[in-house]
Amino acid sequence: MTSTFAFIKNDFNSTLFPLKTNLIMAQYHGNELSDYIYQKVLSDSHNGDNFLSQQKVYATKPRGHLRRTVKLDPVAEYFIYDLVFRNKSIFRTQVSEVRRSFGYRIVNGATIPVHVAYAEYKNHLNDCTSRYQHNIQFDVASYFNSIYHHDLSHWFAGKSAVSETDSYAAGKFFREINSGRSVDFLPHGIYPCKMIGNEFLKFIDLTGTLKSSQIIRFMDDFTLFDNNPDVLKQDFIKIQQLLGKFALNINPSKTYYDNKVGNLQATLSGIRQSLKEIVTGYEEVHTASGVELIETQTEEDIPLSKDQVDSLLILLKEDDLEESDADLILGFLRLHSDSLLELLPILLTKYPNLIKHIHSVCAGIEDKNALSEIINEYLNSENSFLEYQLFWLGAILEDYLQGKRLYGESLIKVFELSVDFKISRAKILEIPEQGYGLKEIRDDYLKTGQSDWLSWSSAIGSRALQTSERNYALNYFSKSSPMNYLVSSCVQKI
């Protein structure tokens, strides 16, 4: 990985709302984005050019909960990847063998994959559980939404390897993308922000007054190990006090004492006990918040027999199946996607949190016309959809179902259902499909003079038009704002 674009491209499919508008801008117009940022946005002589306030979005979490974050525009997203990539040396390895943190760094030109870091973390938890009698597990409540932007700005500026220009730029970015609001600003789900969030908490790892024999951390999930429970309790109090200096709090509902790996009697559901019996080698590791546990499991392809597949399909039909259990089962079945086709209507309706995982499973379904019919029927059978669902349904249509039965009808349905969700609607507008009335819809957005996700994605979606027709509409669109001009000039290169 040798460039900002490579960093963006490598992380693209892992993000919560991967709009191709940003990827295309970085690929074809990276130099221009960089020039605009460093010569205008960060220049005192261009007061009219700033980081824009970002669009709020809501990803899904288990049991009907939502994850509130922002979708960064092409300029802001390019900047944060570029800033972190150029300053990658400040994101250090673990403090010591007894103060360990895992993942979220760039090593030898490549990011550490989450599943690799998590596997190492899991193995170390297992090892410590066998060596120490006591442990405490906990996590920081709503960590990314609770960080104070001045604290993060000061932390970044305090790094000796960071230039004054980058210190100023980071502070301006953190402040302006959230319209000056001091918390709830750090974007979720993108690797550079995960690197920042992980490194910021390293002040805990570096605290010399903590006495636990082992302190292990995966992002904001902590586990303390020692043979003396009093030592653990004292450190737990000290860590809460240290976090409190930054207005960060421990989540009481996710704090566990002596929660040993393998001690499943109190916590393992009947479904997961069945999983352990069906899939040899499956091991569940309980962590305080389960950070990215599901992504880890889906990286592991376990060969299954027909009987195992049939048994897992039966489990998916259970009425009391939890979303986390269903997600694990989908991970095991991803090499047998066609077996899931008849269950997709149930999965789509019952587990809205699994829609991104369902998107990946759809890649392996061979009968794409049948899949298209299922998606269309689902879109027409529900009255209420979450933003995250509509976005990933649009991604399924674009990535797997172009030209298939009911494709156009489904595209328009997602567009209509996304009336209150700009990012989900932008997902449809950026698809270079000119039929089904989409060309005319984009023309309307391009002619209004607006500068937002609906017009930017419409411009990107027009990239497949004949050059003269495309440029005619883009010339007027480009005059409305600096962002419009950047997007327009990028599309005219393609």
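Residues are numbered from 1 along each chain as its sequence is written, and side-chain values use heavy atoms, with hydrogens and water left out. Because the model is predicted, local features need pLDDT of at least 70 and side-chain atom pairs count only at pLDDT 80 or more, whereas totals for chains, interfaces and linings use all residues.

The protein chain has a mean pLDDT (the predictor's confidence in each residue, from 0 to 100) of 88, and 89% of its residues reach 70 or more. Over residues 261-268 the pLDDT is below 50, and this stretch has 11 contacts (heavy atoms within 4.5 Å) beyond near neighbours in sequence. For residues 281-300, pLDDT likewise stays under 50, and the model has 62 contacts beyond four places in sequence. Where pLDDT is low, the predicted coordinates should not be read in detail.

Secondary structure follows DSSP runs numbered from the N terminus, with helices (H or I) of at least four residues and strands (E) of at least two. An open sheet of 5 strands has the order β3-β7-β8-β6-β9, with mixed pairing; two strands pair if DSSP finds at least two bridges between them. Strands β3 (99-101) and β9 stand at the edges with a single partner strand each, so one side of each is left without a neighbour in the sheet. Within the sheet, β7 (residues 214-218) and β8 (residues 221-226) pair in the antiparallel sense over 5 bridges. The bridge partner of Arg217 in β8 is Phe222.

Aromatic pairs were assigned for rings of Phe, Tyr and Trp (its six-membered ring) with centres within 6.5 Å; planes under 30 degrees apart count as stacked, over 60 as edge-to-face and the rest as tilted. The count by this rule comes to 34 aromatic pairs. Phe200 and Phe203 form an edge-to-face pair, because their ring centres are 6.0 Å apart and their planes stand at 65°. Phe200 is buried (under 20% relative accessible area, with exposed over 50% and partly exposed in between; 1.4 Å probe, protein chains only), at 3% relative accessibility, while Phe203 is partly exposed at 22%. The pair of Phe236 and Tyr257 is also edge-to-face, with centres 6.3 Å apart and planes at 90°. This pair links distant parts of the chain, since Phe236 lies in helix α10 (residues 229-244) and Tyr257 in strand β9 (residues 256-257), 21 residues apart. Phe236 is buried, with a relative accessible area of 8%.

One aromatic cluster is formed by Phe7, Tyr81, Phe85, Phe102, Tyr104, Tyr118, Tyr121, Tyr191 and Phe218. A charge sits over a ring if NZ of Lys or CZ of Arg is within 6 Å of the ring centre and within 35 degrees of the ring normal. Lys88 lies over the face of Phe85, 4.2 Å from the ring centre, and Arg425 lies over the face of Phe415 at 3.8 Å.

Trp155, in helix α6 (residues 149-157), is buried at 14% relative accessibility. Beyond four places in sequence, Trp155 touches Ile90, Phe91, Ile196, Glu199 and Phe200.

Glu430 is placed in the loop between α20 (422-429) and α21 (438-447) and is buried at 1% relative accessibility. The side chain of Glu430 makes a polar contact with that of Thr21 at 2.7 Å; such a contact is a pair of N or O atoms within 3.5 Å, where within protein one must be able to donate a hydrogen and the other to accept it, and residues adjacent in sequence count only if both atoms are side-chain atoms.
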